[in-house]
Amino acid sequence: RLRFHMELLGNQPAEKRGDRLASMERELDALDGLVAELLHYVQTDDLELDRRVFDPAQGLTDLAELAGFEVAAERSVDVTVDLEPGVTVFADQRLFLRAVENLLRNAVQHAESEVRLVLTRNGGQIRVAVHDDGPGIPEALREKVTIPFVRLDSDRGRKTGGVGLGLAIVSRIMHRHGGRLEIGTSDLGGAKLATIWPNN
């Protein structure tokens, strides 16, 4: 796409070159994002886990706020947080937040108007679930969406221009922690993606 823009650039009048250069800059930003995601995916299995006990409340609240800011200007998505008080997590904090960030970004891209982040504790496990009111993920495709570069053919996979690495990264992070990623249907009507973290 960059080569296409470069070819057109040489034949365009000066007053239209600014728009063409802006398009090229967006393509470069997308390429930067792809390279970063690829590197993170490749490195996930090689990184030493720095597990420690931490309070996730502030980090999750910050992620939810940032996810709301990433919504395109023409859309309105309300991102809410429901955190069980007093819950601590035993995990690599950076990877924990990375996994939840990927789920939130995925959710706000596909939501119609609402995303909800929920943290609960159940015995020795911590559940962090992200709900949205978008088109959801068909049950027959739920195992496939964690495979690298797989995107859905439905509206959920077409609208965003992602490369299909977000859930693959989350799945790897959960595997490294001995946890799991669950994909289901939210009571909001869309997808529910929950990370289950062992807390011991």
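**Reading the sheet and a helix pair**

Modeller: In this predicted model, an open sheet of 5 strands has mixed pairing and the order 2-4-5-7-6.

Colleague: Which strands are the edge strands?

Modeller: An edge strand pairs on one side only. Here these are strand 2 (78-83) and strand 6 (180-185).

Colleague: By how many degrees are neighbouring strands turned against each other on average?

Modeller: By 15 degrees in this sheet, with direction ignored.

Colleague: How many bridges join strand 2 to strand 4?

Modeller: Two strands count as paired from at least two bridges. Strand 2 and strand 4 (residues 114-122) run parallel and are joined by 6 bridges. Within this pair, Asp78 stands opposite Glu114 in strand 4.

Colleague: Which strands does helix 6 touch?

Modeller: Helix 6 (residues 166-176) packs on the sheet and touches strand 6 and strand 7 (191-198). The direction of helix 6 makes about 25 degrees with that of strand 7.

Colleague: At what angle do the axes of helix 3 and helix 4 cross?

Modeller: The axes of helix 3 (residues 57-69) and helix 4 (residues 93-110) cross at roughly 30 degrees and come within 10 Å. Angles under 35 degrees count as roughly parallel, so helix 3 is roughly parallel to helix 4. Their crossing is right-handed.

Colleague: Which residues of helix 3 and helix 4 meet?

Modeller: From helix 3, Gly59, Leu60, Leu63, Ala64 and Ala67 take part. They meet Phe96, Leu97, Val100, Glu101, Leu104 and Val108 in helix 4. By class, this contact has 9 nonpolar, 1 polar and 1 charged residues.

Note on methods. Residues are numbered from 1 along each chain as its sequence is written. This is a predicted model: local features need pLDDT of at least 70, side-chain atom pairs count only at pLDDT 80 or more; totals for chains, interfaces and linings use all residues. Side-chain values use heavy atoms; hydrogens and water are left out. Axes are lines fitted to C-alpha atoms, for helices over the stretch in contact, and angles run from 0 to 180 degrees between N-to-C directions. Helices (H or I, at least four residues) and strands (E, at least two) are DSSP runs, numbered from the N terminus. Angles under 35 degrees count as roughly parallel, over 145 as roughly antiparallel, 65 to 115 as roughly perpendicular and the rest as oblique. A crossing is left-handed if the near helix is turned anticlockwise from the far one by less than a right angle, and right-handed if clockwise. Contact means heavy atoms within 4.5 Å. Ala, Val, Leu, Ile, Met, Phe, Trp, Tyr, Cys and Pro count as nonpolar, Asp, Glu, Lys and Arg as charged, and the others, Gly among them, as polar.
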